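Biologist: Hi! I'm new to this one. Could you walk me through it?

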Amino acid sequence: MMLDTEIRAALNTLSPTQLEVINESAQHSGHAGDDGSGESHWRVIIAADALADLSRIERHRAIHTALGKDIIGRIHALAIEIR
């Protein structure tokens with residue numbers, strides 16, 4: 001399974017009203033953290049009622065928890081935009 005599919009499936013547990021998973025790895029080719037997999041740098045844009053009443057830190061923790069250690073362990077950089 002491709003990592004973007006795994007990220008989407010994991011974040012769908014938050015019942016998002018908006019979810020974009022963007023692979024930005026090509027923009028970082030040859031930089032630190034580029035493991036050559038083409039799946040090292042990601043941007044997530046998400047809106048979910050489950051995140052609405054949380055602080056910024058709690059929102060990020062909720063996203064990391066939803067993704068789980070396995071997915072987080074395979075990502076070098078994750079940019080999170082919460083709407």
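Modeller: Happy to! One term to begin with: buried means under 20% relative accessible area, exposed over 50%, and partly exposed in between (1.4 Å probe, protein chains only). This is a predicted model, so local features need pLDDT of at least 70, side-chain atom pairs count only at pLDDT 80 or more, and totals for chains, interfaces and linings use all residues. Residues are numbered from 1 along each chain as its sequence is written, and side-chain values use heavy atoms, with hydrogens and water left out.

Biologist: Thanks! Is S25 buried or exposed?

Modeller: S25 counts as buried, because its relative accessibility is 5%. S25 lies in the loop between strand 1 and strand 2 (strands are DSSP runs of E, at least two residues, and helices are runs of H or I, at least four, numbered from the N terminus).

Biologist: And what does the side chain of S25 make a polar contact with?

Modeller: The side chain of N23, at 2.7 Å. A polar contact is a pair of N or O atoms within 3.5 Å; within protein, one must be able to donate a hydrogen and the other to accept it, and residues adjacent in sequence count only if both atoms are side-chain atoms. The S25 side chain also reaches the backbone nitrogen of H41 at 3.0 Å.

Biologist: Switching to the sheet: in what order do the strands come?

Modeller: The order is 1-2-3, in an open sheet of 3 strands with mixed pairing. Two strands pair if DSSP finds at least two bridges between them.

Biologist: Which strands stand at the edges?

Modeller: Strand 1 (18-23) and strand 3 (77-82); each has a single partner strand, so one side of each is left without a neighbour in the sheet.

Biologist: How many bridges join strand 2 to strand 3?

Modeller: There are 6, and the two strands run parallel. H41 stands opposite A77 in strand 3.
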